[in-house]
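This report goes through one protein model part by part. Look at the sequence and the structure below before reading on.

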Amino acid sequence: MIETCNSIEGLARFLNGRRVALAMGFFDGVHLGHRRVIEAARADGAVRAVMSFANHPASVLRPEAHPNLLTPDPLLKNALLEQAGVQVHLCLPFTRELADTEAEPFLDSLRGALNVACFSVGSNWRFGRLGSGNAETLRAYGARHGIAVAVNELLESNGTRVSSSLIRERLSQGHLDEAAALLGHPFYIAGVVEHGQHLARSLGFPTANITLPPHAALPPFGVYAVAADIGGREVRGIANVGLRPTIDEAHKCVRLEVHFIDWSGDLYGSRLTVALNSFIRPERKFASIDELREAIRQDVRRA
């Protein structure tokens with residue numbers, strides 16, 4: 001089970017003097033390029049760790065440019081990091097104080113608290129005040145202090161650089177297959193199942209509902225064929241991503257509503273991770289509840 005620490009001091013306590021190989025970046029989506037950086041964080045006898053941030057740096061530096069996130073759910077991000085071979089996640093809050101820290105003092109804070117054997121970053125990684133630190137800064141620092149530094153060239157797919165921003169673009173355009181190929185895993189939505197209006201149950205298609213957070217990267221609103229692990233069993237179903245335009249509600253928010261096929265049970269209050277596998281149809285407003293019921297029946301057939 002991956003360990004999460006929210007401060008450098010907390011990571012130091014957990015490691016208790018053990019050597020650490022530290023991959024650094026934001027790692028939104030934990031895509032194939034990120035996995036290359038993580039795999040390169042290695043040293044004999046060292047614990048493999050990732051340093052990322054609890055909030056996107058843009059939330060402090062340029063709030064108006066805050067990107068939508070592929071992994072806004074921290075537990076989903078942790079699960080993907082663990083699948084990539086990470087043992088410890090140092091997840092720091094990105095604050096104005098951190099943003100104003102110069103590059104070398106920031107590295108000093110890591111080296112002073114941790115027994116760092118290796119740093120691993122992507123070749124475009126920037127850090128320190130005004131982005132003054134880069135891969136060459138890190139290489140020079142490592143050479144002075146006897147720390148191995150892995151600078152990983154950016155991964156390309158079909159001549160295009162693999163990046164979180166590219167995956168967000170493909171996802172927003174509805175290209176789920178392309179997004180999944182760049183991620184190296186399906187696009188997942190995760191969260192806690194909430195009580196809703198129980199309307200879908202009255203239609204004969206009970207759903208597990210998850211309210212989606214702000215800044216969540218999403219495909220176009222619509223109905224998708226999905227799958228989720230429930231009690232160690234892969235269960236397939238359909239899911240609506242969107243605003244439920246047919247339903248009259250005082251407050252509209254973006255939700256994932258999943259109906260599982262050939263499965264029944266109580267999921268309220270439990271965490272669910274849902275893989276969106278393929279597009280079925282766009283979300284639309286129906287003239288009546290009966291028309292909505294028939295559309296859901298057709299969706300299930302197609303799934």
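## Strands in the middle of the sheet

Strands β1 and β4 pair in the parallel sense over three bridges. Here two strands pair if DSSP finds at least two bridges between them, and strands (E, at least two residues) and helices (H or I, at least four residues) are DSSP runs, numbered from the N terminus. In this pair, E3 stands opposite V88 in β4. V88 is also the bridge partner in β4 of A49, and β3 and β4 pair in the parallel sense over five bridges. Strands of a sheet pair through backbone hydrogen bonds, either parallel or antiparallel.

Is β4 mostly covered or mostly open? It is mostly covered, with five of its five residues buried. Buried means under 20% relative accessible area, exposed means over 50%, and partly exposed lies in between, with a 1.4 Å probe and protein chains only. V88, L90 and L92 are buried on one side of β4, and H89 and C91 are buried on the other.

## Basis of the model

This is a predicted model, in which local features need pLDDT of at least 70 and side-chain atom pairs count only at pLDDT 80 or more, while totals for chains, interfaces and linings use all residues. Residues are numbered from 1 along each chain as its sequence is written, and side-chain values use heavy atoms, with hydrogens and water left out.

## The whole chain

The protein chain has eleven helices and 14 strands. Its C-alpha trace spans about 70 × 40 × 35 Å along the principal axes. Of the 303 residues in the protein chain, 50% are buried. Among contacts (heavy atoms within 4.5 Å) between residues at least 6 apart in sequence, 74% join residues at least 24 apart.

## The open sheet and its helices

In what order do the six strands of the open sheet lie? The order is β1-β4-β3-β2-β5-β6, and the pairing is parallel. β1 (3-5) and β6 (148-152) are the edge strands, each pairing on one side only. From one strand to the next the twist averages 25°. Angles run from 0 to 180 degrees between N-to-C directions, and axes are lines fitted to C-alpha atoms, for helices over the stretch in contact.

β2 (residues 19-24) pairs with β3 in the parallel sense over five bridges, and V20 stands opposite V47 in β3. Helix α7 (residues 135-145) packs on the sheet and touches β2, β5 and β6. The direction of α7 makes about 160° with that of β6. Another helix, α6, lies across β2, β3, β4 (88-92) and β5 (115-122), running at about 140° to β5.

## Two pockets

Rolling a probe the size of a water molecule over the atoms shows where empty space is left. On a 1 Å grid over the protein atoms alone, a cavity is a set of points where a 1.4 Å probe fits but cannot get out, whereas a pocket is an open set with protein on both sides within 12 Å along at least five of seven lines; lining residues have an atom within 4 Å of a point. Grid points are joined across faces, edges and corners, and a volume is the space filled by probe spheres set on the points.

The largest pocket holds about 1200 Å³ of space. It is lined by 45 residues, and F26, P57, N124, W125 and R126 are the closest to its centre. α2 gives the largest share of this lining, four residues. The lining of the largest pocket divides into 21 nonpolar, 14 polar and ten charged residues. Ala, Val, Leu, Ile, Met, Phe, Trp, Tyr, Cys and Pro count as nonpolar, Asp, Glu, Lys and Arg as charged, and the others, Gly among them, as polar.

The second largest pocket has a volume of about 250 Å³. Of its 13 lining residues, I8, L92, L98, F106 and S109 lie nearest its centre. α1 (8-15), α5 and α6 (103-113) each give two or more residues to this lining, and α6 gives the most, with three.

## Two residues with positive phi

Most residues other than glycine have a negative phi. F27 is not a glycine, yet has a positive phi of about 60°. F27 sits in the loop between β2 and α2 and is buried, with a relative accessible area of 3%.

D262 also has a positive phi, near 60°. Its place is the loop between β13 (255-260) and β14 (271-282). Is D262 buried or exposed? D262 is exposed, with a relative accessible area of 69%.
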